[in-house]
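Work through the exercises below with the sequence and the model open. Each task is followed by a solution in steps.

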Amino acid sequence: MDFTDKIAIVTGGASGMGAATARELAAAGAQVVIVDRNAELATAVATEINATTQIGDVSDPDFCQNVVDEVVRKNGRLDILINAAGIIVRANALGTTNEQWQQVMNVNVSGIFYLSRAAVAVMKKQGKGVIVNFGSIWGGVGAAGVVAYCASKGAVHQLTRAMALDHVKDGIRINAICPGEVNTPMLASERSEPVTDEILQRIASTVPMERLADPVEIARVVLFLASDDASYMTGAMVNVDAGYTAR
């Protein structure tokens, strides 16, 4: 897949699957803009792959609009938006505060909406563009102890479907990648005990392949969805979960 001279925004590009996607896009020739609130990590990845950064919070609609405006001002267009930024709270409804619920929704859902809305306005004028949202298998099936995260990812899936239908005749393709268990900082975050190799193996044992995904395995499917090879795909939820949801 050749992304030479394509202009791509990757949110959450400072770590995990977002960073892996940024690296793969850059290796395939794209000019990547990493959007993240962690300036130190974002700068490190950007330096590694010769990308640029926009540091801020995707839950801020003004920041999202400014990101797209600045990219278009510098490059004249926007070809690809990858919405990978996300957070998790590991709690049931009784253990989730109002603030935690709102924060998860603000980042995981509103952030995608704000950036996608800004990107679609540009892509519609261009007559083409691609958006890939990060959903999750937990957006399609339930999971205990992560109620806000599950709800947010279900919303991402519906946002993806609705926007795909709204803009299919504008030449814009919008799909979602739905990862399973991936060995990322988020997998280890917000847990009540330090994550050991034993705990990681226990998580891996719940997967039919009996291993965790490496972030690059997800990133390569994201690149396919963003490429012309996926030209007949829009509004799709693509599970990359080692068979987890096939049961």
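**Exercise 1.** Is Arg211 buried, partly exposed or exposed?

Solution. The model is predicted: local features need pLDDT of at least 70, side-chain atom pairs count only at pLDDT 80 or more, and totals for chains, interfaces and linings use all residues. Residues are numbered from 1 along each chain as its sequence is written, and side-chain values use heavy atoms, with hydrogens and water left out.
- Cut-offs: buried is under 20% relative accessible area, exposed is over 50%, and partly exposed lies in between (1.4 Å probe, protein chains only).
- Arg211 has 40% relative accessibility, so Arg211 counts as partly exposed.
- Its salt-bridge partner is Glu217, at 2.8 Å from N to O; a salt bridge is a side-chain nitrogen of Lys or Arg within 4 Å of a carboxyl oxygen of Asp or Glu.
- Glu217, at 30%, is likewise partly exposed.

**Exercise 2.** Find which residue forms a salt bridge with Arg23, and state where the two residues lie.

Solution.
- The partner is Glu48, with the closest N and O atoms 2.8 Å apart.
- Arg23 belongs to helix α1 (residues 16-27) and Glu48 to helix α2 (residues 39-49), so the bridge ties together parts that are 25 residues apart in sequence. Helices (H or I, at least four residues) and strands (E, at least two) are DSSP runs, numbered from the N terminus.
- For comparison, Arg73 forms a salt bridge with Glu70 at 2.7 Å; both lie in helix α3, three residues apart, about one turn of the helix.
- Glu70, Arg73 and Lys74 are linked in a network of salt bridges.
- The count for the model comes to six salt bridges.

**Exercise 3.** Describe the surroundings of Asp36.

Solution.
- Asp36 is in strand β2 (residues 31-36).
- Asp36 is buried and has no salt bridge; the nearest side chain of opposite charge, Arg37, is 5.8 Å away. Here Lys and Arg count as positive and Asp and Glu as negative, while His and the chain ends are not counted.
- The Asp36 side chain reaches the backbone nitrogen of Gly13 at 3.5 Å.
- Leaving out residues up to four places away in sequence, Asp36 touches residues including Gly12, Ala14, Gln54 and Ile55 (contact means heavy atoms within 4.5 Å).

**Exercise 4.** Which residues of the largest nonpolar core touch the most other members?

Solution.
- A nonpolar core is a set of buried Ala, Val, Leu, Ile, Met, Phe, Trp, Tyr and Cys residues joined through side-chain atoms within 4.5 Å.
- In the largest, of 33 residues, they are Ile9 and Leu78.
- Helix α4 gives this core its largest share, nine residues.

Notes. Polar contact = N/O pair within 3.5 Å; in protein donor to acceptor, adjacent residues only side chain to side chain.
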